[in-house]
Amino acid sequence: QALSWARAPAACLNFNCMLILLPVCRNLLSILRGTIQCCSRTAARQLDRNITFHKLVAYMIAFHTAVHILAHLFNFEWFMDAQLDRNSSQLPFVLSQIGDGDNASYLNPIRTNNTNPTIVLFTTIAGLTGVAITLALILIITSSMEVIRRSYFEVFWYTHHLFVVFFIGLVFHGFGRIVRGQTAASLKAHNPLKCAARFETWGTNGTDCPEPEFAGNPPMTWKWVVGPMILYVCERLVRLYRYQQKVVITKVVMHPSKTLELRMKRKGFSMEVGQYVFIQCPAVSHLEWHPFTLTSAPEDDHFSTVRGVRRGQNGDAGRLETTQVVVLVGAGIGVTPFASILKSVWYKHTQSNQKLFTKKIYFYWLCPETQAFEWFADLLQSLEGQMTEKGISDFLSYNIYLTRWKENEVCLFVCLFVCGSVLWRLLGTTQNLQAQNVWPKAPWYQSGRVPVWPDGAGEGLGEAVSVPL
Amino acid sequence: MGKIEWAMWANEQALAAGLILLTGGIVGVAGSFRGWQYAAYAIAAGTFVCLLEYPRGKRNKGTSVERTGQYCFTVCVKSFGPVTRNYYVRALLHAAICVPGGFMLATVLGCVCLGIASLIYLGAAIRGEQWEPILPRTDTRKEVANSIKQPPQNPPPRPPAEMRRKRAEDLEGAAYVNPINVIANEE
């Protein structure tokens, strides 16, 4: 009975090991995202959660491996029992004796009573590969714990490459054909249901139950994993090619409060608003590529990023162009993609040959203090100036809320912001804050269906933002 | 990313090994396998390893993340002093504990995992790492200055900011009407 408990998780493992390689083929996912974005934006957004999916499948692999191993512990024990309990009136022993002559048609993979399960483990292909891949899996799991991953990325990354050992071992795990089944020919001659009770007379003259014959089941795992393995190899080759491409840093801008903006150029670069790029700094680490949100618009002649890494990326900014009224909510570092969005919308607005459906943008920005985001305040200021010039100053309406207001920084703010309605808006709202010292309730507008894009400060903002009817 | 503290990874590996040893031992005893005595030993050894490895040590650089409810374990482990602080001792201890697990199939996986953890601890010890307990901070907070009071409910009675600010470009706007009549000093 334990055999079915082992084979069931094995089937699940085949399926899960096929799936686990797919979410980490980043370039493949980019291509996929591009093609299905025209059909279904929701589906395209799910592709952003690839690492979560990878982790879920990994948990499943760990769970199924555990069940598989525990079941096999029982299997080994009972197969061994069948050989040790040399009593011809017991069915397991009779079954174990089959195939002793030709050593091919046997059922019990443990062929002699002169051994023990541990020795069998290390002398069969299935056993050896099983031990190797389980060890690889355990090492991968322990080095992928969040503590290790966040602090010692090299350990995580190098150890994770044990997956190569894992997959090779997995493919060969079934090559020993240790799982046995009755052959088709034998099934015709020997019906197990009929003959099981009459095991003492198998093969004797005059019986209709000849000795059953068994053969090993052919390995199946390779059929499941060979496709994703090939895809992954292609993925790594594409990555290798892309790492070689030359990117030139055209400008480095040092914004106040140690905010660094990098402007770069690369041949054939194209982007959408709200996307991010992976950047590596070899002087820091040859292995680590970190995501940085793009702050330039697709219409710019360069692409730029500002120091700061965002989590919880909401990459659906492409839908912006199809809505009339847009509410953008940014918290802290979440304001970064809005730089790209606002710049792009502004470019589209100023180029009269571009049809811009968006008529009004409400921008809400919540941050502890604006010092770290002065580069963004500069952008807002310049947009404000350009809009006033064109007489469309009500296209973009923004409200800034400071949550960590300090009295002694008032003068600093006055010095930093020279002129413009940004200053008045700032002081107007913060005067309210000083009096109440609470997070003010922002007035929400409703105009038909208003899509709201919350960004930053993790998942909480998405839930907290709601547009009342 | 900075220097690696191998002990962090060794700790995760040893904890996992302890759990595997424990599980293998339970299965061996519950199923009455041959050699169940080794399984019984594995239950005890696995539990001991888990208790020893549960409290995370303090990192030399960076923030240390505690495991849930590890404080009492920290106190216990700390009380053994140099025996638990030194990683050479731990490496040797794990190597010794894992050996009997190799004699039975159900516990052999735990044995190998613990052996690997022992090797990583050896690496950590060679690099001079040590186990430091994570204890709650006992430094007293700075006394809040007297000047911090409850924020006033109403703003002070003065003209709004736009009128108070003096701007060089806009003298007209900077001027305001004094609510109190100012009588010129007649000289």
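User: What should I keep in mind before I start?

Analyst: The model is predicted, so local features need pLDDT of at least 70 and side-chain atom pairs count only at pLDDT 80 or more, while totals for chains, interfaces and linings use all residues. Side-chain values use heavy atoms, with hydrogens and water left out; residues are numbered from 1 along each chain as its sequence is written, and chains are lettered from A and ligands numbered from 1 in the order in which they are written.

User: How many helices and strands does chain B have?

Analyst: Helices (H or I, at least four residues) and strands (E, at least two) are DSSP runs, numbered from the N terminus. Chain B has eight helices and zero strands, so its pattern along the sequence reads α-α-α-α-α-α-α-α.

User: And how do I read burial and contacts there?

Analyst: Buried means under 20% relative accessible area, exposed over 50%, and partly exposed in between (1.4 Å probe, protein chains only). Of the 187 residues of chain B, 36% count as buried. A contact means heavy atoms within 4.5 Å. In chain B, among contacts with a separation of 6 or more, 72% are between residues 24 or more positions apart.

User: Is Thr107(B) buried or exposed, and which residues does it touch?

Analyst: Thr107(B) sits in helix α6 (residues 105–126) of chain B. It counts as buried because its relative accessibility is 0%. Leaving aside residues up to four places away in sequence, Thr107(B) touches Leu21(B), Gly24(B), Gly25(B), Tyr38(B), Ala39(B), Ala42(B) and Gly101(B).

User: How many aromatic pairs are there over all chains?

Analyst: Rings of Phe, Tyr and Trp (its six-membered ring) pair if their centres lie within 6.5 Å; planes under 30 degrees apart count as stacked, over 60 as edge-to-face and the rest as tilted. A search of the whole structure turns up 14 such pairs. One of them is Phe74(A) with Trp78(A), a tilted pair at 5.5 Å centre to centre with 55° between the planes. These two are four residues apart in helix α4 (residues 50–84) of chain A, so about one helical turn separates them. Phe74(A) is partly exposed at 24%, and Trp78(A) is partly exposed at 42%.

Now take Tyr38(B) and Phe103(B): this pair is stacked, 5.4 Å centre to centre and 20° between the planes. Tyr38(B) lies in helix α2 (residues 36–53) of chain B and Phe103(B) in the loop between α5 (87–98) and α6 of chain B, so the pair ties together parts that are 65 residues apart in sequence. Tyr38(B) is partly exposed, at 34%, whereas Phe103(B) is exposed, at 53%.

User: Which charged end sits over the ring of Tyr106(A)?

Analyst: A charge sits over a ring if NZ of Lys or CZ of Arg is within 6 Å of the ring centre and within 35 degrees of the ring normal. Over Tyr106(A) it's Arg180(A), 3.8 Å from the ring centre. In chain B, Arg67(B) sits over Tyr54(B), 5.8 Å from the centre.

User: What about strands: which way do β3 and β4 of chain A run?

Analyst: Two strands pair if DSSP finds at least two bridges between them. Strand β3 (residues 248–255) and strand β4 (residues 259–265) of chain A run antiparallel, joined by seven bridges. Val252(A) has Leu262(A) in β4(A) as its bridge partner. Four bridges also join β4(A) to strand β7 (residues 303–306) of chain A, again antiparallel, with Glu261(A) opposite Val306(A).
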